[in-house]
Amino acid sequence: MQGYDFKLITDGIKKVIDAEEGFLSALPVDVITLRRNSQNRSIKQILGHLVDSASNNHQRMVRLQYCKDLLFFPDYRQDNDLWIALQDYQNADWENLIQLWKFFNLHIIQVINSVDLSKLDSYWCDFEGTKVTLKEMIDGYLDHLHLHIREIKELAL
């Protein structure tokens, strides 16, 4: 995979941060706490889920670069709602949550920019047993970010 470039992804993540930080900060309290999506998540909880996504993907991206065998790393997809509840995103300070989301994603950019390209075929298995390579994980990160930002915007407008 030599010569593979993730610039479109890292630039895309940075664009989302730059475009949405101010939008998120300007949302009224009732909008971020009361409006719910089809999974019964508020905007605060959706942004918290994006923090969880950054956190889990960060761990996988780093570990897949040095793990010699199959990476056994817990998948949290089946426990998303539990993660959201246990961290009490609904009652988190909104500005702190925005900054955590922002800076975790800025760090994800750093991790992606530093990735060992010879490790892009390293993989872990999700809770359904599906193999997910480091390359696939990086390639899918921006789409997941866009999906939930669109969801937040739909709820906010």
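A crossing of two helices is called left-handed if the near helix is turned anticlockwise from the far one by less than a right angle, and right-handed if it is turned clockwise. One thing to know before we start: what you're looking at is a predicted model.

Let's begin with the whole chain. It has 6 helices and 2 strands, and if you walk along from the N terminus, the elements come in the order α-α-α-α-α-β-β-α. The C-alpha atoms fill a box of roughly 50 × 30 × 25 Å along the principal axes. How does the radius of gyration of the protein chain fit with that of a compact globule? A compact globule of 157 residues would come out near 15 Å, and the chain has 16 Å, which agrees. Buried residues make up 46% of the 157. Now take the contacts between residues at least 6 apart in sequence: 78% of them join residues at least 24 apart.

Now for the helix pair. Two packed helices are described by the angle between their axes and the distance between the axes. For α3 and α5, the axes come within 9 Å and cross at roughly 25 degrees. Angles under 35 degrees count as roughly parallel, so that is how α3 and α5 lie relative to each other. And here's where our opening definition comes in: the crossing of α3 and α5 is left-handed. On the α3 side, the residues making the contact include Ile43, Leu47, Leu50 and Val51, while among those on the α5 side are Trp94, Leu97, Trp101 and Phe104. Sorted by type, the residues of this contact are 16 nonpolar, 5 polar and 1 charged.

Next, have a look at two loops. Asn40 is in the one between α2 (29–34) and α3 (43–63). Its phi is near 65 degrees, a positive value in a residue that isn't glycine. Asn40 counts as exposed because its relative accessibility is 52%, and the cut-off for exposed is over 50%. Asp88 sits in the loop between α4 (80–86) and α5 (94–114). Asp88 is also a non-glycine residue with a positive phi, near 50 degrees. At 37% relative accessibility, Asp88 counts as partly exposed.

Is Thr133 buried or exposed? It has a relative accessible area of 17%, so Thr133 is buried, since the limit is under 20%. Leaving aside neighbours within four places in sequence, Thr133 is in contact with Leu120, Asp121, Ser122 and Tyr123.

Key
Residues are numbered from 1 along each chain as its sequence is written. This is a predicted model: local features need pLDDT of at least 70, side-chain atom pairs count only at pLDDT 80 or more; totals for chains, interfaces and linings use all residues. Side-chain values use heavy atoms; hydrogens and water are left out. Helices (H or I, at least four residues) and strands (E, at least two) are DSSP runs, numbered from the N terminus. Buried means under 20% relative accessible area, exposed over 50%, partly exposed in between (1.4 Å probe, protein chains only). Contact means heavy atoms within 4.5 Å. Axes are lines fitted to C-alpha atoms, for helices over the stretch in contact, and angles run from 0 to 180 degrees between N-to-C directions. Angles under 35 degrees count as roughly parallel, over 145 as roughly antiparallel, 65 to 115 as roughly perpendicular and the rest as oblique. Ala, Val, Leu, Ile, Met, Phe, Trp, Tyr, Cys and Pro count as nonpolar, Asp, Glu, Lys and Arg as charged, and the others, Gly among them, as polar. The radius of gyration is taken over C-alpha atoms; the globule rule is 2.2 Å times the number of residues to the power 0.38.
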